Amino acid sequence: MPRPLPPTELYAAERAVVLVSCLLSCLGSSLLLCTHALWPELRTRPRQLLLYLSLADLLSALSYFYGVLRDFDGTSWDCVLQGALSTFSNTSSFFWTMAIALYLYLTIVRGSPTGAGLLCCFHAVSWGVPLCITVAAVALKKIGYDASNVSVGWCWVNFDAEDRVLWMLLTGKVWEILAYVTLPVLYILIKKHINRAHAALSEYRPILSRTPLQPRTSIADKKLILIPVIFIILRIWSTVRFILTLCNSPAVQNSVLVVLHGIGNTFQGGANCIMFVLCTRVVRARLLSSLCCCRYDDSGWPSTRSSSTRQRPDPAGSEDVPDPERTKPLLSST
């Protein structure tokens with residue numbers, strides 16, 4: 001049996017970078033929650049699902065912040081509490097991320113009705129399964145100090161547990177790996193379906209009364225590609241360190257890997273904010289108009305027209321993410 005690796009030492013610069021990432025993620029998730037609360041007309045079903053993802057990401061970033069700040073060196077009551085909160089919120093974030101992809105697939109590709117029943121199912125799975133796993137892990141004393149070899153200062157699965165690999169899989173890694181496979185497949189199927197719809201309508205486009213749809217759909221298509229790509233780019237480093245730990249490789253303590261792991265696990269809320277707030281025209285315009293004295297149009301530029309002559313923006317039409325309710329009639333011919 002090879003000797004176990006010594007604990008990974010966290011340097012002050014590494015901790016500072018991860019703490020900043022946690023703060024930015026908290027800010028991004030909070031901004032997503034505020035936009036949902038302030039503007040009811042933007043509360044589409046995809047953004048409602050994004051709200052629950054933001055709640056999970058906010059709790060995850062807060063628990064990671066405490067763990068990195070505390071930099072545990074052994075199992076204690078606050079280590080177990082922090083590990084339980086991060087396990088629950090992080091696993092819930094995986095489930096909500098996959099729920100959004102599944103919702104878009106069902107509504108856009110399958111054209112299936114999506115009522116309250118589907119939302120209740122998402123809640124039961126995305127909150128219920130992580131809660132059951134976390135409660136079982138805490139009850140069986142599997143949460144504790146992990147020597148920062150599969151974390152960055154925070155607590156997760158206790159390295160003293162004989163079946164620690166099984167619990168690492170159950171409390172995160174198996175769902176993370178499942179997301180790596182599921183998200184690209186679902187978003188590729190959605191994008192292929194939208195492309196087929198565009199091709200089917202291309203011969204009628206010259207006679208359509210409202211032709212400037214191409215820029216909006218192209219922005220939505222780019223976001224469909226970016227969602228799984230960003231998720232994988234952020235999360236892959238924790239999987240790499242997990243595999244290196246299983247192989248008992250000293251490369252797991254490489255400073256670059258440690259920092260990438262810390263940013264990847266904590267910045268999901270910030271990445272979602274960039275995509276769905278800062279890079280979404282209607283939300284960005286409203287934020288700018290709230291922060292500044294002048295009014296902004298839906299493209300985010302200052303408006304020179306008076307408020308009496310401005311046309312009220314159509315949230316569904318201005319949204320930079322695909323709206324299944326508007327897309328279904330467009331795609332029904334394919």
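Ala147 counts as buried at 7% relative accessibility, where buried means under 20% relative accessible area, exposed means over 50%, and partly exposed lies in between (1.4 Å probe, protein chains only). Ala147 lies in the loop between β1 and β2, and the phi angle of Ala147 is near 65°, a positive value in a residue other than glycine. This is a predicted model, in which local features need a pLDDT of at least 70 and side-chain atom pairs count only at pLDDT 80 or more, while totals for chains, interfaces and linings use all residues. Residues are numbered from 1 along each chain as its sequence is written, and side-chain values use heavy atoms, with hydrogens and water left out.

**The loop between β1 and β2**

- Ser148 is found in the loop between β1 and β2, and its phi is near 60°, which is again a positive value in a residue other than glycine.
- Ser148 is buried, with a relative accessible area of 4%.

**Confidence**

- The protein averages a pLDDT of 81, and 78% of the residues score at least 70; pLDDT is the predictor's confidence in each residue, from 0 to 100.
- Over residues 213-217 pLDDT stays under 50, and the model has six contacts beyond four places in sequence for this stretch, contact meaning heavy atoms within 4.5 Å.
- Over residues 296-301 pLDDT likewise stays under 50, and here the model has 21 contacts beyond four places in sequence.

**Annotated segments and helices**

- The unreviewed UniProt entry carries the annotation "transmembrane region" for residues 16-37, 49-67, 87-106, 118-140, 166-190, 224-244 and 256-279; UniProt positions are given in the numbering used here, feature names are shortened, and annotations may be inferred rather than shown by experiment.
- Over residues 87-106 the chain of the model is 100% helix and 0% strand, with the end C-alpha atoms 28 Å apart.
- Over residues 166-190 the chain is also 100% helix and 0% strand, and the end C-alpha atoms are 34 Å apart.

**Salt bridges**

- A search of the whole structure finds three salt bridges, a salt bridge being a side-chain nitrogen of Lys or Arg within 4 Å of a carboxyl oxygen of Asp or Glu.
- The side chains of Lys142 and Asp163 meet in a salt bridge at 2.9 Å, N to O.
- Asp78 and Arg70 are joined by a salt bridge between their side chains (2.9 Å, N to O); Asp78 counts as buried at 5% relative accessibility, while Arg70 is partly exposed, with a relative accessible area of 39%.
- Glu176 forms a salt bridge with Lys173, the closest N and O atoms being 3.0 Å apart, and both residues lie in helix α5, three residues apart, about one turn of the helix.
- Glu176 is buried, with a relative accessible area of 2%, and Lys173 is buried as well, at 6%.

**A nonpolar surface patch**

- Val165, Leu169, Val174 and Leu246 make a nonpolar surface patch of about 270 Å². Patches are made of residues with over 30% relative accessible area and no salt bridge, like charges being joined within 9 Å and nonpolar side chains (Val, Leu, Ile, Met, Phe, Trp, Tyr) within 5 Å; accessible areas come from the Shrake-Rupley method with a 1.4 Å probe, and for residues only the protein chains shown count as cover.
- Helix α5 (residues 164-201) supplies the largest share of the patch, three residues, while Leu246 lies in helix α6 (residues 214-246) and is partly exposed, with a relative accessible area of 45%.

**Surroundings of Leu32**

- Leu32 is found in helix α1 (residues 12-38) and counts as buried at 6% relative accessibility.
- Leaving aside neighbours within four places in sequence, Leu32 is in contact with Arg47, Leu50, Ser54, Gly269, Asn272, Cys273, Phe276 and Val277.
- The C-alpha atoms of Leu32 and Leu55, which are 23 residues apart along the chain, are separated by 9.3 Å.

Key
Helices (H or I, at least four residues) and strands (E, at least two) are DSSP runs, numbered from the N terminus.
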